[in-house]
Amino acid sequence: MTLKNTSYQYGRIAKWMHWSTAALFLLAYCTVYFRQWFTEPNTSVNMTALHLHLSIGISLGVLVVLRVIWRIYSVSPSQEPGTRLEHLAAHLGHYALYAMMIVMPITGYLGTGLSTDFFFMFDIPRFADTELFKVVVVSWMDMSFEEFEKPIDYLHKDLLGAWIVWMLIAGHIAAALYHHFIKKDRTLQKMTR
Ligand code: HEM
Ligand code: HEM
């Protein structure tokens, strides 16, 4: 297996980034729903789960920058035979997943009410405590944090987090399984072997 992609196969770096991203998404969901469903507000386990969610989300934000750069400068493995519609759907699905990987960490960071205790090692200040917030949100947009966070929280938690993201991921996994077990082509193997 090579480090870089070839027209036949994803390379080691693309695979590593793909599966790390997938694991971080899963962990971001597990931590936030564990917090909401299984812990009492403001207990230490409740806050630990929240800080893990924030830390995982920020790590994903950093990883996706590297992933997009790598994607731009890499060749893409050629697609398995399929109709034009199938290829279009695959492309749109992948772009939509890239969009979610960018929008979720950004909306999470902009809308959070507390600074992140990054994996319990050091603090990352919340956006509302930065100079950029004062200049852009307070001075230019003339908004308080509460007014600013409302639409952003709606995007992060209600629209994308609770619905669109996991539906896209479920569709993506279903497509991978369909290729592997029904069409019996190399789509999944390009990302695993
Ligand atoms: C890809 C990364 C992320 C994903 C997939 C994600 C997903 C979610 C989901 C599904 C929820 C709960 C929605 C609900 O209430 O039903 C949530 C809540 C939240 N997220 Fe994220 N998030 C990510 C990144 C971040 C980041 C980077 C931050 C901040 C630094 C953040 C801050 C928050 C906060 C403060 C909440 C509310 C927690 C609560 O009320 O229990 N998220 N996120
Ligand atoms: C069990 C979970 C997953 C499986 C089985 C899976 C499988 C695959 C496979 C087989 C491909 C190659 C498709 C092709 O080249 O036609 C792929 C690509 C991709 N996956 Fe996943 N995936 C999973 C989770 C995720 C998650 C959670 C995300 C992001 C939220 C994601 C984002 C992507 C993206 C953006 C691509 C396109 C890569 C590129 O060509 O630039 N995947 N995935």
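What is the volume of the largest pocket? In this predicted model, the largest pocket has a volume of about 1400 Å³. The legends below start with the whole chain and then move to each site.

**Figure 1. Overview of the predicted chain.** The protein chain holds six helices and two strands. These are DSSP runs numbered from the N terminus: helices are H or I with at least four residues, and strands are E with at least two. Along the sequence the order is α-α-α-β-β-α-α-α. The C-alpha trace spans about 55 × 40 × 30 Å along its principal axes. Residues are numbered from 1 along each chain as its sequence is written, while chains are lettered from A and ligands numbered from 1 in the order in which they are written. Local features need pLDDT of at least 70, side-chain atom pairs count only at pLDDT 80 or more, and totals for chains, interfaces and linings use all residues; side-chain values use heavy atoms, with hydrogens and water left out.

Figure 2. Rolling a probe the size of a water molecule over the atoms shows where empty space is left. Here a pocket is an open set of points on a 1 Å grid over the protein atoms alone, where a 1.4 Å probe fits, with protein on both sides within 12 Å along at least five of seven lines; lining residues have an atom within 4 Å of a point. Volume is the space filled by probe spheres set on the points, which are joined across faces, edges and corners. The largest pocket comes to about 1400 Å³. It is lined by 49 residues, and His-18, His-94, Leu-97, His-172 and Met-191 are the closest to its centre. Helix 1, helix 2, helix 3, helix 5 and helix 6 (187-192) each give at least two lining residues. Helix 5 gives the most, with twelve. The lining has 28 nonpolar, 15 polar and six charged residues. Of these classes, nonpolar means Ala, Val, Leu, Ile, Met, Phe, Trp, Tyr, Cys and Pro; charged means Asp, Glu, Lys and Arg; polar means the others, including Gly.

**Figure 3. Ligand 2 in the largest pocket.** Ligand 2 takes up the space of the largest pocket (a molecule sits in a pocket if more than half of its atoms lie within 2 Å of its grid points). Helix 1, helix 2, helix 3, helix 5 and helix 6 each contribute two or more residues to its shell. The shell counts 19 residues, of which Tyr-10, His-18, Arg-71, Tyr-98 and His-172 come nearest; a residue belongs if one of its heavy atoms lies within 4 Å. A side-chain N or O atom of His-18 is 2.8 Å from a nitrogen atom of ligand 2. For His-172, the distance to a nitrogen atom of ligand 2 is also 2.8 Å. Tyr-98 places a polar side-chain atom 2.6 Å from an oxygen atom of ligand 2. Polar contacts are pairs of N or O atoms within 3.5 Å. By class, the shell divides into twelve nonpolar, four polar and three charged residues.

**Figure 4. The second largest pocket.** Helix 1, helix 2, helix 3 and helix 5 each give two or more residues. Helix 1 has the largest share, seven residues. The lining splits into 15 nonpolar, eleven polar and three charged residues.

**Figure 5. Ligand 1 in the second largest pocket.** Ligand 1 takes up the space of the second largest pocket. Two or more shell residues come from each of helix 1 (12-38), helix 2 (44-72), helix 3 (84-111) and helix 5 (145-183). Helix 1 supplies the largest share, seven residues. In total 22 residues surround the ligand, the closest being Arg-35, Gln-36, His-53, Gly-108 and His-156. The side chain of Arg-35 has an N or O atom 2.6 Å from an oxygen atom of ligand 1. The corresponding distance for Tyr-33, again to an oxygen atom of the ligand, is 3.3 Å. His-53 lies 2.9 Å from a nitrogen atom of ligand 1, through an N or O atom of its side chain. The shell has twelve nonpolar, eight polar and two charged residues.

Figure 6. Side chains of opposite charge can pair when their charged atoms come close. Four salt bridges are counted (a side-chain nitrogen of Lys or Arg within 4 Å of a carboxyl oxygen of Asp or Glu). One of them joins Glu-86 and Lys-183, at 3.3 Å from N to O. Glu-86 is in helix 3 and Lys-183 in helix 5, so placed 97 residues apart that the pair links distant parts of the chain.

Definitions and conventions
Polar contact = N/O pair within 3.5 Å; in protein donor to acceptor, adjacent residues only side chain to side chain.
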